[in-house]
Amino acid sequence: MKIAFIDPARPLPCNTGVGFCHEKCKLDEALSALDALLDGFVSEALAGLKYSGKRDEVALLTLPPAAGLSRLFVFGLGEDADGEEDILSMERSGGVLASRLFGFSEAVLLSSGMGEDVLASLLEGMLLRSWQFVKYRTNASKDKVKVPLGTLHVHVADVHTAQKAFAPRKARAEAVFFARDLISEPGNVLYPASMASRVAKHFEKTDVSVEILGEKDIRALGMGALLGVAQGSEKPPRLVVMEYHGAKKGSKKPPVAFVGKGVTFDSGGISLKPGAGMWDMKHDMAGAAAVIGVMDALAARKAKVDVVGIVGLVENMPSGGAQRPGDIVVSMSGQTIEVQNTDAEGRLVLADCLSYAQERFGTKTVVNLATLTGAIAIALGSEHAGLFSNSTELAGALRAAGKKTGERLWRLPMGSAYDKMIDSDIADMKNITGVRDAGSITAAQFLQRFVREDVAWAHLDIASVAWKNKDDALCPKGATGFGVRLLDVFVAAALEKA
Ligand code: BES
Ligand code: MN
Ligand code: ZN
């Protein structure tokens, strides 16, 4: 969807208009003006349809020639908040509106009366909902009902102000799209090496520097846990390190670290998953994609922080060379792990990435994202991602960012009783408990064993929110890009302002 801001005094660029209405059929400023021009035609037609302007309520009117538009979509925004509409509800409305405009090639938004921030939120929502992953569909353009609007002309009182408010929102939506694109790619196309080079290419000519560590480098670092997962695959692993420096020169604070699980395909390994639904394990790198996406969003808006993004990329496959249940590996931290189940691989990858983040960058704040456990869907469904942390302050800041963006988090408990459950008889720990109880929590306990006590750490288990089986307001079914906007707002509110 292309967006072009225009002055309402200019001739109308197309014949489909979109106007806005609040509850009790209260037309907004631009629509009232049109109604006056047409001697009350719009309000009468809406009254005839018993239209009331409820949230998402749509009426389609055919207008008389004097309007200069032949068709008018009236879109309900619900209760009038007097220009104080909150960001979330405007984004949501934008998403719903965009889905209603699928199949149209052009439309003009009669939005000259809206404040620039309200409008920018609406437009970001429209963009987010209009993303599609159709590169492998040779007939996608024939599917009219699903083709997003081609061009949206947007009436604004001042083009410059509107553009300025919208630019960062557009950049952030594009960062989400990069994450969604990566997540959607199938495992034969996106594997550790191809994903790493795609990331390097993406950040060329940006303020994000990218370093790619290959198998030899990873071995030299002693990342035995990550390597154990990778060893069953023909595809060698990669560790991708992204750095962005936006803090004032001379800042002595170590960077905040975002760490992502990047299993480009999770078959389960020798502890093979059942066949049904296994295809969607191509999205087991969604944590890594979110980290990559947020690096993009932060650099695009020149955030005033130092951030490092670390993603561990591996493919988890069964083969004659694969690791066996019962194998013992030595992690980068020196701690030994009995791998009782090769399908609990995400924690093995993350363990070494967490050690690396702390050792190399001396970070004191680390947030990791991972599609870590199926159990988190049992606990929280897809309404919240799981939040685990050793810091009430960090957890609070993340939850606040979740509320602001709609990427909501729910904190779950941790503690020594859960920690004991991963003690091994033969090594320092095992990677499963052997029982189903508290599966998401014990996975978090495992990760915490690789976090130093003086480091504020949070783990987001995004296994039930990274991929959705049905459309929602801001995203068609499939990859959501969960975490990009969440972490962007977290950085802005908790780190830049602090
Ligand atoms: N990648 C999966 C978790 C997952 C499940 C993500 C469903 C998205 C949707 C993870 O590697 C895994 O297999 N976890 C196991 C852990 C178990 C063996 C302790 C699980 O959840 O079953
Ligand atoms: Mn697994
Ligand atoms: Zn996995």
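Is T373 buried or exposed? Here are some notes on that residue and on the ligand and metal sites of this predicted model.

1. **Ground rules.** Local features in this predicted model need pLDDT of at least 70, side-chain atom pairs count only at pLDDT 80 or more, and totals for chains, interfaces and linings use all residues. Residues are numbered from 1 along each chain as its sequence is written, chains are lettered from A and ligands numbered from 1 in the order in which they are written, and side-chain values use heavy atoms, with hydrogens and water left out.

2. **T373.** To settle the opening question, T373 is buried, at a relative accessible area of 7% (buried means under 20%, exposed over 50%, partly exposed in between, with a 1.4 Å probe and protein chains only). You will find T373 in the loop between β14 (365-370) and α11 (375-380); helices (H or I, at least four residues) and strands (E, at least two) are DSSP runs, numbered from the N terminus. The T373 side chain has a polar contact of 2.7 Å with the side chain of D461. A polar contact is a pair of N or O atoms within 3.5 Å; within protein, one must be able to donate a hydrogen and the other to accept it, and residues adjacent in sequence count only if both atoms are side-chain atoms.

3. **The shell of ligand 1.** Around ligand 1 there are 16 residues, and the closest are K273, D284, D343, E345 and G374 (a residue is near a molecule if one of its heavy atoms lies within 4 Å of it). By class, the shell holds 4 nonpolar, 5 polar and 7 charged residues. Here Ala, Val, Leu, Ile, Met, Phe, Trp, Tyr, Cys and Pro count as nonpolar, Asp, Glu, Lys and Arg as charged, and the others, Gly among them, as polar.

4. **Polar atoms facing ligand 1.** A polar side-chain atom of K273 sits 2.8 Å from an oxygen atom of ligand 1, and an N or O atom in the D343 side chain is 2.8 Å from an oxygen atom of the ligand. From the backbone, an N or O atom of T371 lies 3.4 Å from a nitrogen atom of ligand 1. The protein buries 74% of the 520 Å² that ligand 1 exposes when taken alone (areas come from the Shrake-Rupley method with a 1.4 Å probe; for residues, only the protein chains shown count as cover).

5. **The zinc ion.** K261 (NZ), D266 (OD), D284 (OD) and E345 (OE) coordinate the zinc ion (ligand 3) at 2.0 to 2.4 Å. Donors are N, O and S atoms within 2.8 Å of the metal (3.2 Å for Na, K and Ca); water is not among the atoms, so sites may look incomplete. Along the chain, the zinc donors are spaced K-x4-D-x17-D-x60-E. K261 in strand β10 (residues 256-266) and E345 in the loop between β13 (336-339) and α10 (346-361) are 84 residues apart, so this pair links distant parts of the chain. Both K261 and E345 are buried, each at 1% relative accessibility.

6. **The manganese ion.** The protein donors of the manganese ion (ligand 2) are D266 (OD), D343 (O), D343 (OD) and E345 (OE), at 2.1 to 2.2 Å. Their spacing is D-x76-D-x1-E. D343 counts as partly exposed, at 21% relative accessibility. D266 coordinates both the manganese ion and the zinc ion, which are 3.2 Å apart.
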